[in-house]
Amino acid sequence: MAIKKDLSINFLGVECENPFFLSSSPVCNNAEQISKAFDAGWAGIFYKTVGINGMDEVSPRFDITTKETTPWTGFKNMEQISERSLAENVEDIKILKAKYPNKVIGISIMGSNEEEWVTLAKEVTAAGADILELNFSCPQMTSHAMGSDVGQNPELVYKYTKAVVNNTHLPVVAKMTPNIGKMEEPALAAMRAGAQGVSAINTIKSITNIDLDILTGKPVVNGKSSISGYSGSAVKPIALRFITQLAKCEELNEVQLSGIGGIETWQDAIEFILLGCRNVQVTTSVMQYGYRIVEDMITGISHFMEERGVDRLDELVGIALNNIIPAEELDRSFQIIPHIDLEKCIGCGRCYISCYDGSHQAIAWDGETRTPKIINEDCVGCHLCMNVCPVTNCITSGEVIFKEGRQNNRSAKDIVQQLVYH
Amino acid sequence: MEQRTIMEYEPEQLEPYDFRRAMEEASRCLLCEDAPCTKGCPAGTDPAKFIRSIRFKNTSGAAETIRENNILGASCALICPQERLCQAACSRCGIDRPIEIKKLQQFAMEHERKSGRKYLNKEKTYTGKRVACIGAGPASLACAAELAKQGVEVTIYDEHEEAGGMLRYLIPPYRLPEQVINQDIDQLVKLGVHFELNHHVSTEELETLKAEFDQVFIGAGMWESKTLPIPGSTLDGVVMAINFLNEAKKNHGQIDRLGSVVIIGGGDVAMDCAATSKLLGAENIYDVFIEALDEAPAVQSEKEFVFKLGVPMISEFKPVEFIGNGKVERVRFEHIKNGSTMEIVADTVILAVGQKLCDVAKSWTEEDGLFIGGDMVNGGDTVVRAVKEGKEAAAKIIESFRG
């Protein structure tokens, strides 16, 4: 029998069967669609942002970035908030709440002034929502009183969060924009106004591609294009960085985090959890592959927990954070010289090319035998060669060499090393 | 789904990769240092460079590299025995399987065809110099192109109606469609090379040409068939491979009923005969050769193709007699080792046991002040090899101009 792990986790006082939620986007636009997602295994949703008025959208509205033939390394999206009316959305929230009492219905809302925020908070709370998420972060709104323009302004974040908190009994999450230097500032503003959670990141303002025929950005909307939000795999590293900074900010200690940005696999999800998230949200990979991807997130994390002897997901939250330290505190006393396994080497010379052109010219190349050789005295231990070698386990970590006078009675075994390269 | 086997004798086109498929394959390429594939190409087509161009979205650059190095780039993309040349050298073999280099070359050449771009330019370095190339096969075409690129005025003489030599008259259209040959020949036309076709050059005329031109290159092909010195080889129905393939091609596959066919030979030409017979509707086809199956000289992919078409190959039997009364009826074989004998009923016997130069061509040598390449030098090898020799001869001719 397949292993069954308890993935349940409490987020803002709400019991969730697992940490996997859909983020506010086209993947949770109405009750019928969301029903399919719940049946597939998603624990909850953040319903596509509900506004006072439905949006007027462009066609087409998406673009992707690619590398070689890998599609969707990143995704650009020009959709705004829900194109449906408040009344229609409220109706669907009621249906979902009745049909799925054990699923978590988070509702994302966005107003353009205090009055609208209040109206939305009241209506959606009355409809039966479990959590409210405040969208301070959509970068492609046609109104500058909405979206990331608000999220970049801590005073407005405070004001609107306060208005919502005063008009609901539900836990409130403020969704942050990454189009900002210090995310801690709007996050603190939201917290001081009463938000209990922060979610990050919304999409990054982008121009993905230029159409070389029409000479405009993509997608091409009648010959023109606009800056809009970028998401997917490419943004995960940026999201993890923001999450790390929020999690390490002591003033935000009481705030719970929901991680968003490029999550496709259980490994992506666990990375956010290890950096302090109690909840993760997904859209882009669902747009590409469908709701079914949650199955591999659930079993993938279960196997990971089984293999590491972990019983509760709680035990994993934030446990990698202590190992992320300022650059000035890193141990700079040694070099790890790579080792090339010539039995495995196929003689492509990629390590030699990259070491010469991109590092320290520390690999010698024998053109006759097509063999690379590390020149120990020139090698700085950067491991670029390990990152370009196309053969599994051909180049691995080798000898640890301590810099002059900096060994301090340690042996090579005392140096903790990366076990797996990609 | 099993990969589709071509079932048409004369397809208009052999389906090329589209951009995505090409990028997928180019992305498998390891982009080696001092790439072995490039060293493995006799013609110097430089696959490492053109694959890198495809990988970095520069398809025009890829086509340009191929054209600069190999005037028969489009044809070679389809017929080159890559598995024993560039692909055999591919580093990726150490991981899984080599890059499909020919398919990438075909992709770049298809880009050239569709775009109608011309990548080769005529420089004015040697204007005023004139060279005659005898034969319009691969070696001559390669020599002519190299010279024309440097401004030399080149005239190609050939006794056939059309240029291309073996490409045009021997290699079956399901391997090399007409339009691909034309695409290559067009490059020479664009370079201003003159073609004197339907023009047989005799030994006497050769003397005139030597006087008239600054240099003369000879790239005569092996157009004469070898025969078997066994009884019955002059019976009706016993045909030579070259004649059979040529006849089929010239008539677009509309030839007299073949009936039951026995092909004798284990080389690429024999495989071409076997597949052509099958595609043209012959009834019982057997390919019999003297070598062991793995030692028969045809490239593996051609053997596999014939096998996929359902033609049985019988190895290690040699023919000892063609039996019939005026017309061949049966062929008798003996096993080369164990003394077994067999007879196969045949309405048509195709002899694919090798080719040779005609006597006149044999008498033309470098000692007569001629430049020579192709079959005359290599004894009948691949098209890429002929291209290499044509290019080398052109380099020697240019050297002679430098004095």
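Which residues of α17(B) are buried? They are Val383(B), Val384(B), Arg385(B), Ala386(B), Val387(B), Lys388(B), Glu389(B), Gly390(B), Lys391(B), Ala393(B), Ala394(B) and Ile397(B). This is a predicted model.

Helix α17 of chain B covers residues 383–402. Its 20 residues reach 29 Å from the first C-alpha to the last. That is close to the 28 Å expected at 1.5 Å a residue. Gly403(B) follows α17(B) and has a positive phi, near 75 degrees.

In chain B, the domain assignment gives domain 1 (19–115), domain 2 (130–223 + 357–402) and domain 3 (225–354). The centres of domain 1 and domain 3 of chain B, taken over C-alpha atoms, are separated by 34 Å.

Chain A is assigned domain 1 (9–323) and domain 2 (331–414). Between the centres of domain 1 of chain A and domain 2 of chain A there are 42 Å, again taken over C-alpha atoms.

## Two helix pairs in chain A

Helix α2 (residues 86–99) and helix α3 (residues 114–127) of chain A form one pair, with axes that come within 8 Å and cross at roughly 30 degrees. Angles under 35 degrees count as roughly parallel, and α2(A) and α3(A) are therefore roughly parallel to each other. The crossing of α2(A) past α3(A) is right-handed. On the α2(A) side, the contact is made by Leu86(A), Val90(A), Ile93(A) and Lys94(A). On the α3(A) side, Glu123(A), Val124(A) and Ala127(A) take part. An α-helix has 3.6 residues a turn, so residues three or four places apart point the same way.

The second pair joins helix α8 (residues 266–274) and helix α10 (residues 293–308) of chain A. Their axes come within 8 Å and cross at roughly 65 degrees. The crossing of α8(A) and α10(A) is right-handed. Trp266(A), Ala269(A) and Ile270(A) of α8(A) make the contact with Asp296(A), Met297(A), Gly300(A), Ile301(A) and Phe304(A) of α10(A).

How many of the 9 residues of α8(A) are buried? The count is 7, so α8(A) is largely enclosed by the rest of the structure. The buried residues are Trp266(A), Asp268(A), Ala269(A), Ile270(A), Glu271(A), Phe272(A) and Ile273(A). Their cover includes β3 (20–22), α7 (236–248), β15 (256–260), β16 (277–282) and α10 of chain A. Just after α8(A), Gly276(A) takes a positive phi of about 115 degrees.

Gly106(A) sits in strand β7 (residues 104–109) of chain A. Is Gly106(A) buried or exposed? A residue is buried if 20 or more other C-beta atoms lie within 10 Å of its own. Gly106(A) has 30 C-beta neighbours inside 10 Å and therefore counts as buried.

Leaving aside neighbours within four places in sequence, Gly106(A) is in contact with Phe21(A), Gly44(A), Ile45(A), Phe46(A), Tyr47(A), Ala129(A), Asp130(A), Ile131(A) and Glu133(A). Ala129(A) lies 23 residues from Gly106(A) along the chain. The C-alpha atoms of Gly106(A) and Ala129(A) are separated by 6.0 Å.

## Backbone exceptions in chain A

Most residues other than glycine have a negative phi, and most peptide bonds are trans.

| Site | Feature | Value |
|---|---|---|
| Ala200(A) to Ile201(A) | cis peptide bond | omega about 10 degrees |
| Lys218(A) to Pro219(A) | cis peptide bond | omega near 0 degrees |
| Trp72(A) | positive phi | phi near 60 degrees |
| Gln361(A) | positive phi | phi near 50 degrees |

Where do these sites fall? Ile201(A) is in the loop between β10 (197–200) and β11 (204–206) of chain A. Pro219(A) is in the loop between β13 (216–217) and β14 (228–231) of chain A. Trp72(A) belongs to strand β6 (residues 70–77) of chain A. Gln361(A) is in the loop between α11 (350–358) and β18 (363–366) of chain A.

Trp72(A) is partly exposed, with 19 other C-beta atoms within 10 Å. Gln361(A) also counts as partly exposed, with 13 C-beta neighbours inside 10 Å.

Terms used. Residues numbered from 1 in each chain as written. Chains lettered and ligands numbered in written order. Predicted model: local features only at pLDDT ≥ 70, side-chain atom pairs only at ≥ 80, totals over all residues. Domains from an automatic or database assignment. Helix = DSSP H or I, 4+ residues; strand = E, 2+ residues; numbered from the N terminus. Buried ≥ 20, exposed ≤ 12 C-beta atoms within 10 Å, placed from the backbone. Contact = placed C-beta atoms within 7 Å. Expected span 1.5 Å × (residues − 1). Axes fitted to C-alpha atoms, helices over the stretch in contact; angles between N-to-C directions. Parallel < 35°, antiparallel > 145°, perpendicular 65-115°, else oblique. Left-handed = near helix turned anticlockwise from the far one by under 90°.
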